Amino acid sequence: MLVLANSDLSTANTLALPCIADYKLVVDCAEQLVDAIAFANEKNLPWLVLGQGSNVVLPIKLHAVVIYLNIVGVAIRADNGSSVKVVVGAGEPWHNLVKNLLQQGIFGLENLALIPGLAGAAPVQNIGAYGREISEFIDSVEVYDTEQQEVRCLSRSECDFSYRSSVFKTAGKHRYIITGLNLLLSIKDQIDISYGGLATELKNIAAPTAANVFDAVVRIRSSKLPDPAVQPNAGSFFKNPVIEASHYQQLLTTYPDLVGYPQVDGRFKLAAGWLIDNAGWKGKAIGPVATHTKQALVLVNLGTATRDDVLNYAAALSTAIEDLYKVQLQREPVAYSANCQRLA
Ligand code: EPU
């Protein structure tokens, strides 16, 4: 286990926020997590597992032990005629995994191309894009259960997946540490292009393949979403809010172009990006923070932003959205206090 004191995390979070953590530990296997947690307890510090930091808002000083899981490797196991089980270490970069599997004739993840972060982080917020969510492909998730102090395998139903959520968010940050994924994927080139923009992007291809879908998703994402390496960001900064049908109908009378999707429970999920854009906040900067000029749901660090700059911007934006539409935005990335508590 590698131990580093006063570790600079400014290049280890995709918003590029300045952050110095008391300690950084790099562990190579699930068993070493016991030592890592014991280390934090000895130092009387809280601990936090980070991957590529693509979904966090970090403080300038983080009094914590930050644990990195260098658990890599991908194994492909036959399942039945049309599917395969793929065992993935938590430390594998997600996009490379999607690309490599596709090249080996293993399909299903192509709609989830180009999502930043590591495989181990993917189930936490149930990453989803272009009509698909990772939960559809999860057979089980391997974890270290800090409560039972044992390595366990949680079935898909135990993961309790829903839109942008899972048991890994709701059970508290200290309960489970994800060490690997068991995916169930297809060797049949079947695609899902039901998400509006995707079908349009592929309209000139008579019989699109999974590789075409992968390319199309990469094209669409690259055209709308800023590359964190160029313009630091944490992807969608807010969830798409779900509102009652009566509220939706009422908003439609004022905003006939409002973008909303009916849900199975009769409610409507609104495109928060549309709400922000229509409110005139697309591209608007306050100090070193702005919404992205091509996708208003993404906040970007213009260069010198700190956690507080980002949270103050988000608060001002949320107030403007609530005043205009009576809709509350909920933050998607997790923000931390200096003593490593999650901020509301
Ligand atoms: N829209 C605007 N203006 C904007 C942004 C969006 O009018 O500035 C409109 C679009 O024209 C479209 C609708 O809002 O009609 C939805 O936009 P988009 O297809 O870009 O998707 P989204 O709902 O804004 C969600 C995910 C993204 C994911 C895309 C594609 C959430 C919170 N975000 O965004 O996920 O890539 O769908 O499936 O659900 C992420 O989580 O980091 C992320 C990028």
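**View 1. Gln295 sits in a loop between two strands.** That loop runs between strand E18 (289-291) and strand E19 (298-301); strands here are DSSP runs of at least two E residues, helices are runs of at least four H or I residues, and both are numbered from the N terminus. This is a predicted model, where local features need pLDDT of at least 70, side-chain atom pairs count only at pLDDT 80 or more, and totals for chains, interfaces and linings use all residues. Residues are numbered from 1 along each chain as its sequence is written, and side-chain values use heavy atoms, with hydrogens and water left out.

**View 2. What does Gln295 touch?** Leaving aside residues up to four places away in sequence, Gln295 touches Lys224, Leu225, Gly273 and Lys282 (contact means heavy atoms within 4.5 Å). A polar atom of the Gln295 side chain also lies 3.0 Å from the backbone nitrogen of Leu297. That pair is a polar contact: N or O atoms within 3.5 Å, where within protein one must be able to donate a hydrogen and the other to accept it, and residues adjacent in sequence count only if both atoms are side-chain atoms.

**View 3. The shell around the ligand holds 23 residues.** The closest are Tyr130, Tyr163, Arg164, Tyr195 and Asp277; a residue is in if one of its heavy atoms lies within 4 Å of the ligand. Helix H8 gives the largest share, 3 residues. By class, the shell has 12 nonpolar, 5 polar and 6 charged residues.

**View 4. There is 1 cavity of 30 Å³ or more.** A cavity is a set of points, on a 1 Å grid over the protein atoms alone, where a 1.4 Å probe fits but cannot get out; lining residues have an atom within 4 Å of a point. The largest cavity has about 30 Å³ of space. Among its lining residues are Val98, Phe107, Glu110 and Leu185. Helix H2 (residues 94-103) supplies the largest share of that lining, 3 residues. The lining divides into 7 nonpolar, 1 polar and 1 charged.

Key. 1 Å grid on protein atoms, 1.4 Å probe; cavity = no way out; pocket = protein on both sides within 12 Å on 5 of 7 lines; lining within 4 Å. Points joined across faces, edges and corners; volume = space filled by probe spheres on them. Nonpolar A, V, L, I, M, F, W, Y, C, P; charged D, E, K, R; others polar.
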